[in-house]
Amino acid sequence: LKDQFDNLDKHTQWGIDFLEKYAKFVKERIEIEQNYAKQLRNLVKKYCPKRSPKDEEPRFTSCIAFFNILNELNDYAGQREVVAEEMGHRVYGELMRYSHDLKTERKMHLQEGRKAQQYLDMCWKQMDNSKKKFERECREAEKAQQSYERLDNDTNATKADVEKAKQQLNLRTHMADENKNEYAAQLQNFNGEQHKHYYIVIPQIYKQLQEMDERRTIKLSECYKGFADSERKVIPIISKCLEGMILAAKSVDEHRDSQLVIDCFKSGFEPPGDFPFEDYSQNIYRTISDGTISTPKQEGMRIDTKTTVGKAKGKLWLFGKKPKPQSPPLTPTSLYTSSTPNGSQYPIFSIEPVHYCMSDIKTGKPRIPSFRSLKRGGPALEDFSHLPPEQRRKKLQQRIDELNRELQKETDQKDALIKMKDVYEKNPQMGDPSSLQPKLTETMSNMDRLRMEIHKNEAWLSEVEGKVAARSDRRHSSDINHLVTQGRESPEGSYTDDANQEVRGPPQQHAHPNEFDDEFEDDDPLPAIGHCKAIYPFDGHNEGTLAMKEGEILYIIEEDKGDGWTRARRHNGEEGYVPTSYIDVTLEKNSKGA
C-alpha cells in the first residue's frame, strides 16, 4: 500500500461517512421511540378517569383492572423513554463525538502524508536539477575538447588560439567535475530520503490510518452492542409491566362487581305489600240475610272503593309519591248497633273510621322521599334522611369514620402541644408556655365539637340500624299474621251473622295487618343490647347526656364507639350518653336479634 495514498484517503472518508450514516439511523430510531412513548402517554391520559377527590363512584374490579393496566402501560411508555434516552446518550452521542474526533485525526494523518510526499518531490527536483546541470556541463566540456583538438591539429591556427581553447577546455572540465560532485551528493540525498519516505514515514502514517480505521470499526461494534443493550436493559421491567397487566386481568371478579352494585343501590326499603281482596258482594249478601231489618242502609255503611283502592295504592309509595288518604267524616251512619238480651241497643264503633282518623293524623308527619324524588336531585339533609335506609347507614358510617380520624388528629395535636408546653415550662429559654395556650384551647374546642358531631351521627346511625332490625322483625310477624288472617276469611267473602266479625269491620281491614306499624315505625325506640350499673354519679349537664346516680341500673342501647361514651336508657324511656368509665356494662348475647 506504499503507493496507494489516494485510495486510502477515499477509504477512510467512506468509513467516516458510514459512521455518520449509522448515527443518523440511531437518531431516527430515537425519534420513533420518543414519539411512541409520547403517544402511549397521551393514550393513557385520554382514558384515565378524571375523578375529583370526593367522587364516590363504585370501584368495580373490571374498572380497577383497567386502571391498573393503564398504569402499567404508562410505566411501559416510561421504559420506552428510557430506551430512547439510553440510545441517545450511549450510542448517538458517542457516535457524534467519535466522528468529530475521527475527522480531526484523519485530517492530521493525511496532512503528514502529503508533507512527506512534498518533501520527497522537492528532493527529487533538486537531484534532477543537479543532474541536468551536470549533463549540460559535460556537453560543454566535450565541445571545448573538440574545439581544442581541432585548433591543435590545425596548422593555420595560432598559438594564442590554441592556448585559449585549452584554457576553455580546462574551465569546462573543472565545472563538469563540480556539477558531477553536486549531482552525486543530491542523488545520494534523494535516495536516502526516498528510502526513508517509503520505508519509515509512509508506513508509519499508513499504520496510524489503519489503527484509526480499526478503532472506527470497533466503535461501530460497541455501538451495535450498546444499541441492543439499551433495549435489553428494560426487558425485565417491561416484563413486570406485562405481568402486572396479566395480574390485573386475573383480578377481575364478576361476583364482587355484582355485590358492589347491590351495595351501591340497596335501599333497605321493604317491598310493597299484597293488594287486599276487595269484596264488592258483601252488601248484596248482607241485604239478603238482613232483609227483615227495617233500618235503611246509609251510604256511610258502604265501603268507599276509591278510598280502599287509594289505601292499596298507598302501599306502593316506595316507587312513587304516596297519596294522602281521604278521611270521611264521622257520621251516625258509620256506627253499628247491637242488641242486648233485654232489648236495649248500644252503639259499637267500627274500626274503619278510627283508622281513617289515625291516617289523617299520621299523614301530617314528613315521610322519606321516594327514589324518584332522589333522582330529581332533592335537597341533601345533614342526617341523610333523604336517602334510603341502607345508603343512609353507609353515609353516616363514612362520616363517623372521617370525624374519628379528625378527632385522632386533634388528639395527637393536643398531646404534642401539652408536651411542648411541659418542655417550655421546664426550659423557659426555649419558649413561652403561655403562647401555646390559645392553640391548646382551640384544639380542645375542636375536639369537643367533633365529639358532639360523632355522638349526633352515631345516634342517627343507631336509629337507622334499629329501624332496619325492627322492620325485619315486623316483616316476619306480618307474614305470619297475613297467613292467619287469610285462613279466617271465607272463600267467597260472604257476610256472616256473627256480631264479633261484624264489629271487626270489613275483611279488607285484615289485608293490612302491618300498615299501622309501617306508618309509626319512625317512632320505635332502639332495642336494648344489655344493661349497666352506675359505679359513680354523673350530673349530665351537657346536651345529649343522661344524669345518673350511683348504683342506678340502666339499659344499654348503643355500645362505646371508642370515644368514651355509651348510650343508655332509663326505665321511663329517657335516653342519653353516659361516660363508659362511670358504668359497669353487661351485654346480652344475641342482642342484635332480641
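**Reading the model**

Modeller: Start with the secondary structure, which for this chain comes to 13 helices and seven strands. Keep in mind that this is a predicted model.

Biologist: What pLDDT does the chain average?

Modeller: pLDDT is the predictor's confidence in each residue, from 0 to 100. Here the chain averages 76, and 71% of the residues score at least 70. Over residues 292-378 the pLDDT is below 50, though this stretch has 105 contacts in the model beyond near neighbours in sequence. Residues 480-523 also have a pLDDT below 50, with 62 contacts beyond near neighbours in sequence.

Biologist: How much of the chain counts as buried?

Modeller: Of the 594 residues, 33% count as buried. As for contacts with a separation of 6 or more, residues 24 or more positions apart account for 74% of them.

Biologist: Which residues touch the most other members of the largest nonpolar core?

Modeller: The general idea is that in soluble globular proteins, nonpolar side chains tend to be buried together. In this model the largest nonpolar core has 34 residues, and Tyr22, Val26, Val91, Leu95 and Tyr206 touch the most other members. The elements giving two or more residues to this core are helices H1 (5-47), H2 (61-153), H3 (159-233) and H4 (235-250). H2 gives the most, with 13 residues. A second, separate core has eleven residues, including Cys532, Phe538, Leu554 and Ile556.

Biologist: How far does H3 reach from its first C-alpha to its last?

Modeller: To read a helix's span, compare its end-to-end distance with the one expected at 1.5 Å a residue. H3 has 75 residues and reaches 107 Å, close to the expected 111 Å. H3 also has a kink of about 45 degrees, centred on His197.

Biologist: Which residues does UniProt list for "coiled-coil region"?

Modeller: Treat a record as something to set beside the model. The unreviewed UniProt entry lists residues 124-168 and 393-427 under that name. In the model, residues 393-427 are 97% helix and 0% strand, and the end C-alpha atoms of this span lie 50 Å apart.

Key:
Residues numbered from 1 in each chain as written. Predicted model: local features only at pLDDT ≥ 70, side-chain atom pairs only at ≥ 80, totals over all residues. Heavy atoms only, no water. Contact = heavy atoms within 4.5 Å. UniProt positions renumbered as here; feature names shortened; annotations may be inferred. Helix = DSSP H or I, 4+ residues; strand = E, 2+ residues; numbered from the N terminus. Core = buried A, V, L, I, M, F, W, Y, C linked by side-chain atoms within 4.5 Å. Buried < 20%, exposed > 50% of the residue type's maximum accessible area, 1.4 Å probe, protein only. Expected span 1.5 Å × (residues − 1). Bend = angle between axes of the 7 residues up to and from the residue.
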